[in-house]
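This briefing accompanies the structure shown below.

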Amino acid sequence: MKLRILFVDDEPMILNGLKRMLRGMRDEWEMRFVDRGEKAIQAMEREPYDVVVSDMRMPGMNGAELLNRIMVDYPQTVRFILSGY
């Protein structure tokens, strides 16, 4: 069974770079890439992910708010902030 990982960042170039960099992990990980915290919550509601990696600074819901909400609703999910700040 593949590990399910959700990446969240409002910068398309960052998401595209992550996709390219992690392409070799496709056989081991099921990955999804979304550009907003709200989309991440919707994805988690459909089928929770094992890991969520989020940027910190995003419009609307920032990374800390997103990961705090995931912590409450999906405590088994591992959460990371990936940020250049």
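**Briefing: strand, sheet and helix packing**

Apart from its neighbours within four places in sequence, L3 is in contact (heavy atoms within 4.5 Å) with E28, W29, E30, D50 and V51. The model is a predicted one, in which local features need pLDDT of at least 70 and side-chain atom pairs count only at pLDDT 80 or more, while totals for chains, interfaces and linings use all residues. Residues are numbered from 1 along each chain as its sequence is written, and side-chain values use heavy atoms, with hydrogens and water left out.

**Strand β1 and residue L3**

- L3 belongs to strand β1; helices (H or I, at least four residues) and strands (E, at least two) are DSSP runs, numbered from the N terminus.
- L3 counts as partly exposed because its relative accessibility is 34%; buried means under 20% relative accessible area, exposed over 50%, and partly exposed in between (1.4 Å probe, protein chains only).
- Five of the six residues of β1 are buried, and the strand is mostly covered.
- From C-alpha to C-alpha, L3 and E38 are 22 Å apart in space, with a separation of 35 residues in sequence.

**The sheet**

- An open sheet is formed by four strands in the order β2-β1-β3-β4, with parallel pairing; two strands pair if DSSP finds at least two bridges between them.
- β2 and β4 (78–81) stand at the edges with a single partner strand each, so one side of each has no neighbour in the sheet.
- From one strand to the next, the twist averages 15 degrees; axes are lines fitted to C-alpha atoms, for helices over the stretch in contact, and angles run from 0 to 180 degrees between N-to-C directions.
- β1 and β2 run parallel and are joined by six bridges.
- F7 stands opposite F33 in β2.

**Helices on the sheet**

- Helix α1 (residues 12–21) lies across β1 and β2, and runs at about 165 degrees to β2.
- Helix α3 packs on the sheet, where it touches β1, β3 and β4, and its direction makes about 175 degrees with that of β4.

**Buried and exposed faces of the helices**

- In helix α2 (residues 37–46), the buried residues are G37, A40, I41, A43 and M44.
- These residues lie on the same side of α2 because they cover an arc of only 160 degrees around the axis; the arc is that of the directions from the helix axis to the C-beta atoms.
- The exposed residues E45 and R46 are carried on the face of α2 turned away from its buried side.
- The cover over the buried residues of α2 includes β1 (3–8), β2 (29–34), β3 (51–54) and α3 (63–73).
- In α3, G63, L66, L67 and I70 are buried.
- An arc of only 90 degrees around the axis places these four on the same side of α3.
- Their cover includes β1, α2, β3 and β4.

**Packing of α2 against α3**

- The axes of α2 and α3 are 10 Å apart, and the two helices pack at an angle of about 15 degrees.
- α2 and α3 are therefore roughly parallel to each other; angles under 35 degrees count as roughly parallel, over 145 as roughly antiparallel, 65 to 115 as roughly perpendicular and the rest as oblique.
- The contact is made by G37, A40, I41, M44 and E45 of α2 and by L66, R69 and I70 of α3.
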